[in-house]
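This briefing covers helix packing, an aromatic pair and a pocket. Please look at the sequence and the model first.

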Amino acid sequence: MDQDIAKRARAHLIRLELFRELLARMYRESIVQYEFSVRLALLFGSVLKVRQAGLSVKVLAEQMCVEEIVTIGRTIVEVVVNAAYLQYAEDIEIDRYLQFDKEFISRQNEFLQLQSGTRPVPGIVQKLKANALRVSMKIMPKDDDPRWSTQSIAQRAAFADKVSESPIMALLVKTLHARGHSASHGTFQSMTPFISALETMVVAETDDRFDELAEALFGVNLSLMTLCLYLNNFLNLDLDEAIHHAARASADDRGSHIH
């Protein structure tokens with residue numbers, strides 16, 4: 001086993017935890033400063049979702065589940081881009097986003113009916129639910145349309161970058177989203193390590209495999225860093241040094257240095 005490659009993987013895991021802690025700090029410092037809107041609820045919810053995804057990546061890394069990490073990485077890219085895009089998009093895009101999951105909307109209606117007259121729904125959730133239900137179902141995409149937005153993810157990223165004057169989202173899509181296609185859709189490329197393991201039923205932990213793991217973790221960290229950079233700018237947090245520290249952490253670092 002190439003110790004340098006294993007060390008690279010450890011370094012990425014340390015950075016991952018530092019970025020997760022930094023996102024938690026950004027959340028705590030911002031959540032009390034802003035009057036809630038649906039857009040901000042989606043933004044802060046996205047922060048929590050990305051932190052949770054980062055935790056699952058840590059668990060998968062321990063088992064060398066490279067393809068699964070790449071798949072989650074692709075999802076994180078979409079969550080990050082959508083979170084930024086929805087801060088600036090037209091109201092109709094917000095409505096499409098909230099109304100997209102038809103089954104969820106149906107269950108949500110049932111939930112609201114069951115809750116009516118029993119106990120109050122927390123204010124933030126109540127506002128979000130009310131907004132999700134206020135628009136006619138006629139704005140919904142057709143049943144055979146897999147999209148919620150009129151814009152592709154590349155276009156949403158470019159739009160967010162243009163408004164925020166920070167070209168980071170488009171780069172994220174170009175470098176990571178397409179790369180995650182194979183793992184997400186189970187193409188032959190993503191099946192190769194497992195076909196090679198037919199005799200033993202175990203994917204060999206070779207140097208190449210550790211290299212793939214390090215690359216997958218790098219992609220996840222790039223997404224988390226992008227979200228941190230965006231939040232730092234959008235919420236005026238002045239945490240440039242903390243972001244820089246998380247990005248440069250090495251395998252020799254132990255524990256958190258985010259204060």
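Helix axes are lines fitted to C-alpha atoms over the stretch in contact, and the angles run from 0 to 180 degrees between N-to-C directions. The model is predicted: local features need pLDDT of at least 70, side-chain atom pairs count only at pLDDT 80 or more, and totals for chains, interfaces and linings use all residues. Residues are numbered from 1 along each chain as its sequence is written, and side-chain values use heavy atoms, with hydrogens and water left out.

**Helix packing**

- Helix α2 (residues 38-62) packs with α3 at an angle of about 170 degrees, the axes being 10 Å apart; helices are DSSP runs (H or I, at least four residues) numbered from the N terminus.
- α2 and α3 are therefore roughly antiparallel to each other, the term for angles over 145 degrees.
- On the α2 side, L43, S46, K49, V50, A53, S56, V57, L60 and A61 meet E68, I69, I72, I76, V79, V80 and A83 of α3, where contact means heavy atoms within 4.5 Å.
- The α2 contact with α3 divides into 12 nonpolar, 2 polar and 2 charged residues; Ala, Val, Leu, Ile, Met, Phe, Trp, Tyr, Cys and Pro count as nonpolar, Asp, Glu, Lys and Arg as charged, and the others, Gly among them, as polar.
- For α11 and helix α12 (residues 240-248), the angle is about 175 degrees and the axes are 10 Å apart, so these helices are also roughly antiparallel to each other.
- M225, C228, L229 and N232 of α11 make this contact with D240, I243 and A247 of α12, a set of 5 nonpolar, 1 polar and 1 charged residues.

**Aromatic pairs**

- The structure holds 6 aromatic pairs, counted for rings of Phe, Tyr and Trp (its six-membered ring) with centres within 6.5 Å.
- In one of them, Y85 and F159 have ring centres 5.5 Å apart and planes at 70 degrees, so the pair is edge-to-face (planes over 60 degrees apart).
- Y85 in helix α3 and F159 in helix α7 (residues 153-164) are 74 residues apart, and their pair links distant parts of the chain.

**Second largest pocket**

- The second largest pocket has a volume of about 590 Å³, which is the space filled by probe spheres set on grid points joined across faces, edges and corners.
- A pocket is an open set of points on a 1 Å grid over the protein atoms alone where a 1.4 Å probe fits, with protein on both sides within 12 Å along at least five of seven lines; lining residues have an atom within 4 Å of a point.
- Its lining has 29 residues, with V66, E67, V70, R209 and E212 nearest the centre.
- α3 (66-85), α9 (181-185), α10 (188-195) and α11 (207-234) each give two or more residues to this lining, and the largest share, 8 residues, comes from α11.
- The lining residues divide into 12 nonpolar, 10 polar and 7 charged.

Note on methods:
Parallel < 35°, antiparallel > 145°, perpendicular 65-115°, else oblique. Phe/Tyr/Trp six-rings, centres within 6.5 Å; stacked < 30°, edge-to-face > 60°.
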